[in-house]
Amino acid sequence: MSDEHWIQTIVIVGGGSAGWMTAAALARGLDRRYCIRVVESQDIGVVGVGEATIPPIRLFNAMLGLDEAEFMRETQATYKLGIRFRDWGAVGQDYFHPFGVYGLNAELGHFFQYWLKLNQEGPHQEGGALALSDYSLCAQAAKAGRFDRQSDDPRDPMSTFGFAYHFDTILYGQYLRRFAQKLGVARTEGEVVQVDQNAETGFVTALRLKSGQVVEGDLFIDCSGFRGLLIEQTLKAGYEDWSDLLPMDRAAAAPCALKGPLSPYTTSTAREAGWQWRIPLQHRVGNGYVYSSRFISDDDAVAALTANLENAPLAEARLLRFNTGRRRKMWDKNVVAIGLSSGFMEPLESTSIHLVQASINKLLQHFPDRSFAPANRDVYNRRIATDMETIRDFLVLHYKATARDDAALWSYVRGMAIPDSLAERIALFEERGQLVIHPDEMFTPTSWLAVLLGQGVRPRSYSPLVAGQDSRAIADGFRNMKALIARRVEAMPNHADYLKHHGMWAAQAAMA
Ligand code: FAD
């Protein structure tokens, strides 16, 4: 093949987390033949929120070859063992969505079915129903404010552990920018004011900046955030609106200083017209009220946020607007949208940065040549659409499965029609606790189980495969498992001490 056949210049528009994650990963994953350039405008700035992640981020950082301690210091990061949900299923109710797995043998199917059988039979237990979270190392470590290293040895209880990070998203972008630039990625500062297209094909050929500079390329990656400068404003890919299912459309965000110990988890507290996040970092706590403007005014949302902070806000609340849904085409012609430009489903389960990572992985798998084969593009679009739809269903579950009827938002979401794909999952679970996970799916059985049970969905029976098993022996096994988990957690260091001891604490972090 001649050089004409291959892509030579990749232009990434946007220098938020999506732009620099993409630049860093392409610089690492492609050979030096490619010229990679990021165009970003400091006048426009970045969205500047997005501090909680899920475990696959570790694979992304490892793929880049980042040193974990350096990454944590540079981004003022903390560990995240899951999400504590307060007042979601009902006011006053609390549950934990842990990472890792339930039980100690990493075989969730049987563990959960045994748990169901014991709980439905009842008399084998002292003190009533068995709490599922007693059998999760992550949930128990989170409750105790502790952290320790995960193990690769399947015989070690710590192999059932899992974790992700909370980090300062602006610092993460800057850290990746330095990393990518060291690998040869070029950066152009300036605002794109015009996009040139081939008159026949409509392919993007060049970007014109306010300064008059022209940036040409073969493949353009749109990381321009909600505006979708190339994918929507230029190519008009269209948007599939999911606001009927996910009615949140705004957020008010304000940081404050930490009060109390450094918790290794995100907290999500349901409120009158949405929910509030609390994300502890080394130097501050990130907070935000995500709400639906159909059910509360901006002023009332900001007042509710500031009334519910553990300390005075360190800055005035910032308002962010969004529209839940996805682009109809994430890849059109020679433009691939990654990040907020490809769609957004609200931050409830910290899935946006993960979708950036998933898009980059799939782009590498489907990396085009200059022919931009339509079949390759179509498969990419279908795979990303499926990723987004399974995440959408998981998020919708949190709203649909609630007993709350104390405010208009909660009455609306409880009564709303849901996709058949989600209705089927709930029906299967209600029958006898079956969890059906799709092959490519990001959320694990642990996640579905935690949220289904946490939100009050209860199976009527259990699997016939465990019906004949000796319940007393199972109950003994559960008692031992609970005691072993408690002992293991007791031996773990405190979260902040772990960070300090392993050289992960940033020198300028405010908290001692
Ligand atoms: P942006 O950060 O908006 O970056 C866009 C870039 O494009 C900027 O550099 C801008 O300067 C540039 N640009 C735009 N137009 C032009 C132009 N004309 N010329 C030149 N440059 C241009 N995700 C999570 O995973 N976890 C979370 O906890 C989480 N919380 C969130 C909370 C809220 C309220 C919101 C709204 C989002 C949250 N997200 C979260 C999503 C997360 O913030 C984003 O996915 C992530 O930051 C990537 O953003 P981005 O890079 O796509 O867009």
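In what follows, Ala, Val, Leu, Ile, Met, Phe, Trp, Tyr, Cys and Pro count as nonpolar, Asp, Glu, Lys and Arg as charged, and the others, Gly among them, as polar. The model is a predicted one.

By these classes, the lining of the second largest pocket has 20 nonpolar, 15 polar and 10 charged residues. This pocket has a volume of about 930 Å³. Of its 45 lining residues, R84, D94, Y95, F96 and S133 are the closest to its centre. Several elements each supply at least two residues of this lining, among them strand 4 (82-86), strand 5 (94-98), helix 4 (108-121) and strand 14 (266-271). Helix 5 gives the largest share, five residues.

Next come the nonpolar cores. The largest has 152 residues, and within it I10 and Y399 touch the most other members. Helix 9 (residues 374-400) gives the most to this core, with 10 residues. Leaving aside residues up to four places away in sequence, I10 touches L26, L30, Y34, C35, I36, R37, L219, I221 and F367. A second, separate core has 17 residues, including V11, L229, I231 and A337.

Helix 7 (residues 298-307) shows how a helix can have a buried side. Its buried residues are D298, A301 and L305. They lie on the same side of helix 7 because they cover an arc of only 65° around the axis. On the other side of helix 7, D299 and A307 are exposed. The cover over the buried residues of helix 7 includes strand 13 (250-256), strand 15 (274-280), strand 16 (285-291) and strand 17 (318-321).

Rolling a probe the size of a water molecule over the atoms shows where empty space is left. The structure holds two cavities of 30 Å³ or more. The largest cavity has a volume of about 70 Å³. Strand 21 (343-344) and helix 8 (352-365) are the elements that give two or more residues to its lining, and the largest share, four residues, comes from helix 8. This lining has six nonpolar, five polar and no charged residues.

The second largest cavity has a volume of about 50 Å³. Which residues line the second largest cavity? They are R425, L428, Q434, L435, V436, I437, W448 and L452. Helix 11 (420-432) and helix 12 are the elements that give two or more of these residues. By class, six are nonpolar, one is polar and one is charged.

Conventions: Residues numbered from 1 in each chain as written. Predicted model: local features only at pLDDT ≥ 70, side-chain atom pairs only at ≥ 80, totals over all residues. Heavy atoms only, no water. Buried < 20%, exposed > 50% of the residue type's maximum accessible area, 1.4 Å probe, protein only. Arc of directions from axis to C-beta. Contact = heavy atoms within 4.5 Å. 1 Å grid on protein atoms, 1.4 Å probe; cavity = no way out; pocket = protein on both sides within 12 Å on 5 of 7 lines; lining within 4 Å. Points joined across faces, edges and corners; volume = space filled by probe spheres on them. Core = buried A, V, L, I, M, F, W, Y, C linked by side-chain atoms within 4.5 Å.
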